[in-house]
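I opened my notebook to get to know a new structure, and you are welcome to read along. Here is what I looked up, entry by entry.

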Amino acid sequence: MPKIHAATVADHRSRQRAALLDAARALLAEGDASKVTFAEVARRTGLARNSVYKYFPDRAHLLTEVVREAAPHWTERIRTALAAAGDSPEDRVAAHVTAQLEMVRDGEHRIARATADAQDAAALRAGAEAAHRALLDPLVGALAELGDEAPLMTARLLQGFVNAATTALESGADYAAVADRTVRLTVAALRGLAPLPRADR
């Protein structure tokens, strides 16, 4: 990789840090956190191994930062899907589920999943759990707008379908079949909550 050029030292450092995070993210997306070593990250960015320590004190900080920076992108992807779905409760829940399963299909989920299984499990699991909580925020907000008196509880329960679907996809199940059934199950569960308004009322 060629050297990174920038107008200022601060800009140069910012770009090198971003390059290191990109390299670690790519390694995590392959599904094995053990591959994320300072030596490999340095090799992929064209830096000396010791240079990585200028940006991250240890491997745990590097991995946690990858998850922290990825979470807003995941949340924004879901918010965009919800916004495009309109006001129908069923459509918004379906959009939330579909957006998450698409990220699983695209390998995004491996980032948080890989860090949770790493040797630095305690610190990294906290980062992954925070990212997963952030993913629920758009759904919680949508449920609250729809009149759900316990939107966080409902969101967590509906998320159970997504978690089960994720496990199925990671085991090699067909994406289209799993996504279709998961959407239908979550929408049916939402319809079981009588107080929530229906789009046709």
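**Entry on helix 2.** I began with helix 2 (residues 38-45), whose buried residues are Phe-38, Glu-40, Val-41, Ala-42 and Thr-45. By buried I mean under 20% relative accessible area, while exposed is over 50% and partly exposed is in between (1.4 Å probe, protein chains only). Helices here are DSSP runs of H or I with at least four residues, strands are runs of E with at least two, and both are numbered from the N terminus. I then looked for the cover over these buried residues, and it includes helix 1 (9-29) and helix 3 (59-85). After helix 2 comes Gly-46, with a positive phi near 80 degrees.

**Entry on the source.** I noted that this is a predicted model, in which local features need pLDDT of at least 70, side-chain atom pairs count only at pLDDT 80 or more, and totals for chains, interfaces and linings use all residues. Residues are numbered from 1 along each chain as its sequence is written, and side-chain values use heavy atoms, with hydrogens and water left out.

**Entry on the whole chain.** I found eight helices and zero strands in the chain. Of its 201 residues, 45% count as buried.

**Entry on aromatic rings.** I searched the whole structure and found one aromatic pair. Phe-38 and Tyr-53 form this pair, edge-to-face, at 4.7 Å centre to centre and with 65 degrees between the planes. Rings of Phe, Tyr and Trp (its six-membered ring) pair if their centres lie within 6.5 Å; planes under 30 degrees apart count as stacked, over 60 as edge-to-face and the rest as tilted. Because Phe-38 lies in helix 2 and Tyr-53 in the loop between helix 2 and helix 3, the pair ties together parts that are 15 residues apart in sequence. I checked the cover too: Phe-38 is buried, with a relative accessible area of 7%, whereas Tyr-53 is partly exposed at 39%.

**Entry on a charge and a pocket.** I saw the charged end of Arg-105 over the ring of Tyr-175, 5.1 Å from its centre. This needs NZ of Lys or CZ of Arg within 6 Å of the ring centre and within 35 degrees of the ring normal. Which residues line the second largest pocket? I listed Val-104, Arg-105, His-109, Arg-110, Leu-169, Glu-170 and Tyr-175. A pocket is, on a 1 Å grid over the protein atoms alone, an open set of points where a 1.4 Å probe fits, with protein on both sides within 12 Å along at least five of seven lines; lining residues have an atom within 4 Å of a point. Helix 4 (89-105), helix 5 (109-116) and helix 7 (151-170) each supply at least two residues of that lining.

Notes: Contact means heavy atoms within 4.5 Å.
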